[in-house]
Amino acid sequence: MIDAILARADNGVIGVDGRLPWHLPADLKRFRALTMGRAMVMGRRTFESFPAPLPGRRHIVLTRDAGWRAAGAEVAHDPDAALVLAGPDAAVIGGAEIVALLLPRIERVELTEVHASPTGDAIVPPFAGWVEAWREDHSADADRPAYSFVRLLRPPASA
């Protein structure tokens, strides 16, 4: 199955200057649980935002730069090659361009809705038409915004 796993603010922001514009430990814990043991497909900037490759996961980096290489990254230069490298169980984790590029192949979205509207430079539009299969809401806590864990499924094809 190909999943997208991301956190998105109410205004669509997913990042600013290569970082998350919030700190939600529960979201990071959920991300770890959903990606552990899996191949993660990401763009170069997402990979470079990590201090080091994340343990227990494969890092498939989709980039147009034919000369780009990095320790811990398996490099692909087109979506088909990235998905072949990833195999049948892939987690698309960002950035915004990669999510948009692979959206037609994504079957499920594991989304953290961050109930805030931070400024940012990476935006993902709403998943219009997707079917909400599960939701777990969490209240704001001190300086952390409220958030919801949501599972979205691709809508059934029209007959």
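Visitor: What covers the buried residues of H1?
Guide: The cover includes strands E1, E3, E6, E7, E9 and E10 (147-153). Keep in mind that this is a predicted model.

Visitor: Which residues of H1 are the buried ones?
Guide: Helix H1 spans residues 25-35, and its buried residues are Asp27, Arg30, Phe31 and Thr35.

Visitor: What makes you say that they line one face?
Guide: Look down the axis of H1. The buried residues fall within an arc of 120 degrees, so they line one face of the helix. An α-helix has 3.6 residues a turn, so residues three or four places apart point the same way.

Visitor: Which exposed residues does the face turned away carry?
Guide: Lys29 and Ala33 sit on that face of H1. Each is called exposed because its relative accessible area is over 50%.

Visitor: Why is alanine 82 called buried?
Guide: Set the value against the cut-off. Buried means under 20% relative accessible area. Alanine 82 has 0%, so it counts as buried. Its place is in helix H3.

Visitor: Which residues does alanine 82 touch, beyond those up to four places away in sequence?
Guide: It touches Val41, Ile60, Leu62 and Ala76. Now find helix H3, residues 79-86. H3 lies across E1, E3 (39-43), E4 (58-62), E5 and E6 (90-94). It runs at about 170 degrees to E4.

Visitor: How far is alanine 82 from arginine 30?
Guide: Their C-alpha atoms are separated by 24 Å. Along the chain, the two are 52 residues apart.

Visitor: Why is proline 21 called partly exposed?
Guide: Partly exposed lies between the 20% cut-off for buried and the 50% cut-off for exposed. Proline 21 has 27% relative accessibility, so it counts as partly exposed. You will find proline 21 in the loop between E2 and H1. Leaving aside neighbours within four places in sequence, its contacts are Val13, Ile14, Gly15, Val16, Pro118 and Thr119.

Visitor: Why is aspartate 17 called exposed?
Guide: Exposed means over 50%. Aspartate 17 has 59% relative accessibility, so it counts as exposed. Its loop runs between strand E2 (13-15) and H1.

Visitor: What makes the backbone of aspartate 17 worth a look?
Guide: Its phi is positive, about 50 degrees, although it is not a glycine. Most residues other than glycine have a negative phi.

Visitor: Where is alanine 142 found?
Guide: In the loop between E9 and E10. Alanine 142 also has a positive phi, about 55 degrees, although it is not a glycine. At 82% relative accessibility, it counts as exposed.

Visitor: What makes the bond between glycine 94 and glycine 95 a cis peptide bond?
Guide: Check omega: it is about 0 degrees. In general, most peptide bonds are trans. Glycine 95 lies in the loop between E6 and helix H4 (96-102).

Visitor: What order do the strands of the open sheet have?
Guide: There are eight strands, in the order E5-E4-E3-E6-E1-E7-E10-E9. Their pairing is mixed.

Visitor: Why do E5 and E9 stand at the edges?
Guide: Count partners. Strand E5 (73-76) and strand E9 (131-138) each have a single partner strand, so one side of each is left without a neighbour in the sheet. From one strand to the next, the twist averages 25 degrees.

Visitor: How do you know that E1 and E7 pair?
Guide: Two strands pair if there are at least two bridges between them. E1 (residues 2-9) and E7 (residues 108-114) share seven bridges, in the parallel sense. Alanine 4 is one example, with valine 109 in E7 as its bridge partner.

Visitor: How many helices and strands does the protein have?
Guide: Four helices and 10 strands.

Visitor: What makes the protein as compact as a globular one of its length?
Guide: The radius of gyration is 15 Å, close to the 15 Å that the globule rule gives for 159 residues, so the protein is as compact as a globular protein of that length. Buried residues make up 43% of the 159.

Visitor: Which residues does the "domain: DHFR" annotation cover?
Guide: The unreviewed UniProt entry puts it on residues 1-154. That span is 21% helix and 35% strand, and its end C-alpha atoms lie 12 Å apart.

Technical notes: Residues numbered from 1 in each chain as written. Predicted model: local features only at pLDDT ≥ 70, side-chain atom pairs only at ≥ 80, totals over all residues. Heavy atoms only, no water. Helix = DSSP H or I, 4+ residues; strand = E, 2+ residues; numbered from the N terminus. Axes fitted to C-alpha atoms, helices over the stretch in contact; angles between N-to-C directions. Contact = heavy atoms within 4.5 Å. UniProt positions renumbered as here; feature names shortened; annotations may be inferred. Buried < 20%, exposed > 50% of the residue type's maximum accessible area, 1.4 Å probe, protein only. Arc of directions from axis to C-beta. Rg over C-alpha atoms; globule rule 2.2 N^0.38 Å.
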